[in-house]
Every structure is written in C-alpha cells, then in structure tokens.
Amino acid sequence: MTQGIIENLITELTRLPGIGRKTAQRLAFYILTMPENEARSIATAISEVKGKARFCTRCFSITDSEICGICRDEGRDFKMICVVEEPSNILVIERSRFYNGLYHVLLGALSPLDGVTPEKLKINELVQRVKNDGIEEVVIATNPNTKGETTAQYIKERLKGLPVRITRIAYGLPMGSDIEFADEVTLSKALEGRRLM
C-alpha cells in the first residue's frame with residue numbers, strides 16, 4: 001500500500017516539465033521526509049493557485065483578481081506596452097528593473113504547423129489596447145526564435161498605420177533561446193538596445 005502511494009506521487013511529479021523519473025523520485029522522498037506543515041503548505045499553495053489564478057482582463061497575465069497589480073499600478077508608464085509570449089516572461093523582465101511600462105501577454109507564439117494561428121493569440125486585444133488606451137510605444141519582446149520573429153512581424157503589420165512607435169528588444173538574447181532563461185543583465189541590455197521595427 002505504501003509503495004503504491006509513493007509510486008503515485010512519483011508518477012504525478014513526472015508530469016511537471018523538466019522532471020524525469022529520477023528527479024521525481026528524489027522529490028517524492030524529500031516530500032516524504034519534510035515536516036508535515038511544510039508539505040501541507042506546498043499542497044495548499046498548489047490548490048490555491050489552481051482555484052484562484054486567472055488571466056488579467058487587460059493584459060492576460062496571471063492574477064487572482066480581475067485586473068493584475070501591474071495594470072493597477074499608478075507608478076507605471078501607461079503609454080508603453082511590452083508584448084510577451086507567456087506570463088512567465090513578465091517575471092523575468094521585471095527582475096531586470098529596467099522596464100516600467102505595462103504588459104500584454106499573447107499566450108503563445110504563431111505556429112501554423114502546430115495550429116497556433118493569430119486568432120488563437122491575444123493579438124486582436126493588443127490592437128484594441130493600442131487604439132483605445134493612448135499607447136505611444138509597443139515593445140515587442142517575443143522570443144528570439146523563428147516563432148517569436150514571425151509573431152513580431154505579424155504584430156508589426158497589424159499595428160501599421162496606427163500612431164504608435166513599434167520597437168523590438170535588441171538581440172542581447174541568443175537566437176533560439178527563451179526569454180525565461182535569460183539573466184537580468186542580458187535582459188536589461190536587450191531592453192535598453194531595443195530598436196524600431
């Protein structure tokens with residue numbers, strides 16, 4: 001019976017990205033030896049995030065309220081939007097402490113072969129924000145890979161003719177990588193060196 005519940009935990013942990021069977025085994029046995037209050041704290045945090053997390057109705061980042069804290073922050077530059085692929089990209093950019101505008105999360109990148117077309121991303125909502133909210137600059141911070149570049153070019157075309165400056169983060173990030181894995185210094189340089197598209 002005991003072996004069955006440990007095996008079940010190992011199996012469930014392998015569902016997490018980047019967690020193979022050996023890592024899942026180490027995690028399972030670590031959880032088993034943790035003080036009960038710490039293990040329950042982790043379980044509660046997982047339960048709360050699944051029960052309360054939702055997308056911000058403005059920027060589509062993850063929040064526990066209708067409008068996220070960044071969109072409500074009066075100290076931010078409301079004339080600038082940084083466009084990212086995933087909510088996790090915001091955390092990395094925020095760590096750079098260089099950018100102080102708003103965000104817009106696309107919830108993916110264009111990939112017709114994978115069935116990800118413009119209609120499946122939050123591009124129409126971005127266009128509406130630019131038209132309605134007095135946005136002066138859109139910083140495109142999609143990943144520096146084929147999907148990210150295709151998405152950036154598509155956004156540039158969709159915003160053509162609108163009175164907005166369109167910039168792209170500089171290539172301080174290596175091609176083929178993800179923003180999520182960039183360090184703060186590299187990301188700061190990439191934001192600082194952004195260019196017109």
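Here is a quick tour of this chain, from its overall make-up down to a few single residues.

The model is predicted, so local features need pLDDT of at least 70 and side-chain atom pairs count only at pLDDT 80 or more, while totals for chains, interfaces and linings use all residues. Residues are numbered from 1 along each chain as its sequence is written, and side-chain values use heavy atoms, with hydrogens and water left out. The chain has 8 helices and 7 strands; these are DSSP runs numbered from the N terminus, with helices being H or I of at least four residues and strands being E of at least two.

**Overall build**

- The C-alpha atoms fill a box of roughly 65 × 35 × 35 Å, taken along the principal axes.
- Of the chain's 197 residues, 39% count as buried. Buried means under 20% relative accessible area, exposed means over 50%, and partly exposed is in between (1.4 Å probe, protein chains only).

**Strands side by side**

- Strand 3 (residues 77-84) runs parallel to strand 4 (residues 101-105), and 5 bridges join them. Two strands pair if DSSP finds at least two bridges between them.
- To get from strand 3 to strand 4, the chain goes through helix 5 (residues 87-96), and this β-α-β crossover is right-handed. That label means that, with the strands pointing away from the viewer, the path from the first strand over the helix to the second runs clockwise.
- Looking across to strand 4, you'll find Leu102 opposite Ile81 and Tyr103 opposite Cys82.
- Strand 3 also pairs with strand 5 (residues 137-140), again in the parallel sense, over 4 bridges. Here Met80 has Glu137 as its bridge partner.
- Strand 4 has 5 of its 5 residues buried, so it is largely enclosed by the rest of the structure.

**The nonpolar core**

- The largest nonpolar core has 41 residues, and those with the most contacts inside it include Cys82, Ile93 and Tyr99. Such a core is a set of buried Ala, Val, Leu, Ile, Met, Phe, Trp, Tyr and Cys residues joined through side-chain atoms within 4.5 Å.
- Strand 3 gives the most to this core, with 5 residues.

**The largest pocket**

- About 330 Å³ of space lies in the largest pocket. A pocket is found on a 1 Å grid over the protein atoms alone: it is an open set of points with protein on both sides within 12 Å along at least five of seven lines, whereas a cavity is a set where a 1.4 Å probe fits but cannot get out. Lining residues have an atom within 4 Å of a point. Points are joined across faces, edges and corners, and the volume is the space filled by probe spheres set on them.
- Helix 1 (2-13), helix 2 (21-33) and helix 3 (36-52) each supply at least two lining residues, and helix 3 gives the most, with 4 residues.
- The lining splits into 10 nonpolar, no polar and 1 charged. Ala, Val, Leu, Ile, Met, Phe, Trp, Tyr, Cys and Pro count as nonpolar, Asp, Glu, Lys and Arg as charged, and the others, Gly among them, as polar.

**Single residues to look up**

- Arg97 sits in the loop between helix 5 and strand 4, and has a positive phi of about 60° although it is not a glycine. At 77% relative accessibility, Arg97 counts as exposed.
- Leu107, in the loop between strand 4 and helix 6, has a positive phi of about 65° although it is not a glycine either. Leu107 is partly exposed, at 26% relative accessible area.
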